[in-house]
Amino acid sequence: MDHHLLAIRVFTRVVETGGFTRAADSLRMPKATVTKLVQNLENHLQTKLFQRTTRSVSVTPEGECYYQRTVKWLAELEQMEGSMTESQSAPQGVLRIDVGGGSARQLLLPALPDFFARYPQIQIDLGVGDRQIDLISDSADCVLRSGPLADSSLIARRLLTLEWVTCATPSYLARHGTPRHPCDLEQGFPLAHYRHAVNDRIQPLHFVDGGKAIDIQHRYQISVNEGNALIAAALADLGIVQTLRFMAQPQLDSGELVSILADWQPPADHLYVVYPSNRHLSAKLRVFIEWAVERFS
């Protein structure tokens, strides 16, 4: 790649990630190379693009103006090059996708043989875990995640409606009884809680009674920060759990787990495919998004 074009691409990644180290990591380049390319670009433009201190990097007004113009130009360049190559070949290359453990196991992985049958020249590097990654700094093409979209620079397309279920094993209910109302859980029923992988906070069991929210969180025996482990905790009789229904559906169907308090479940959530709005959609990413919407909707 032409060194000047490479320097522009590196500059935009430093802006998007907020630092030279994160940009270098996401580009899989030495930090010294990233620094040198940006310095060469500044010398070429005879303009300071960043204010640097020992602790932080910020974009100068001139750098912000240059970024706004170059990011649009790069998108147009990628679109032009993509349209030329796509007309001559099938979508190909490596897609980096991040997804939660439960969604990977129950939803995405079982469906991928159909995707690969359609697009055999695409490879997928799948990151699995409940920690929400940063799409830019972690160089992911897209993620599958549930919940509200907090970052306005991202685009989300809805794939699935996700219902909640509260459940326990038959042996647990035989030993402790079956609660008839969410407030009964405060009377000594052992719980197994989900602990957020991002902020390490305990997620209370959430219910709705006549439009009024009821959150239950008392002393618990165990908390876990991964969805599959939460199901395993329930199967081990460690407590009542609340999870997305698709996660527990095989065990509900087999009778290993029993749904309780069904009349008070919280509103359904949604699963989205999320990707950056300021990137041109490559052929491989575009066909994956369209396939996912078709498959899961």
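Helices (H or I, at least four residues) and strands (E, at least two) are DSSP runs, numbered from the N terminus. You're looking at a predicted model, where local features need pLDDT of at least 70, side-chain atom pairs count only at pLDDT 80 or more, and totals for chains, interfaces and linings use all residues. Residues are numbered from 1 along each chain as its sequence is written, and side-chain values use heavy atoms, with hydrogens and water left out.

Start with threonine 166, which sits in strand β7 (residues 164-168). Threonine 166 is buried, at 0% relative accessible area (buried is under 20%, exposed over 50%, partly exposed in between, with a 1.4 Å probe and protein chains only). Now show glutamine 242: its side chain makes a polar contact with that of threonine 166 at 3.1 Å (a pair of N or O atoms within 3.5 Å; within protein, one must be able to donate a hydrogen and the other to accept it, and residues adjacent in sequence count only if both atoms are side-chain atoms).

Next, select arginine 175 and aspartate 237, which form a salt bridge with their closest N and O atoms 3.6 Å apart (a side-chain nitrogen of Lys or Arg within 4 Å of a carboxyl oxygen of Asp or Glu). Arginine 175 is in helix α6 (residues 170-176) and aspartate 237 in the loop between α7 and β13, so the pair ties together parts 62 residues apart in sequence. Arginine 175 is exposed, at 51%.

Last stop: Asp114, Arg118, Glu294 and Arg295, linked in a network of salt bridges. Within it, aspartate 114 and arginine 295 meet at 3.8 Å, N to O.
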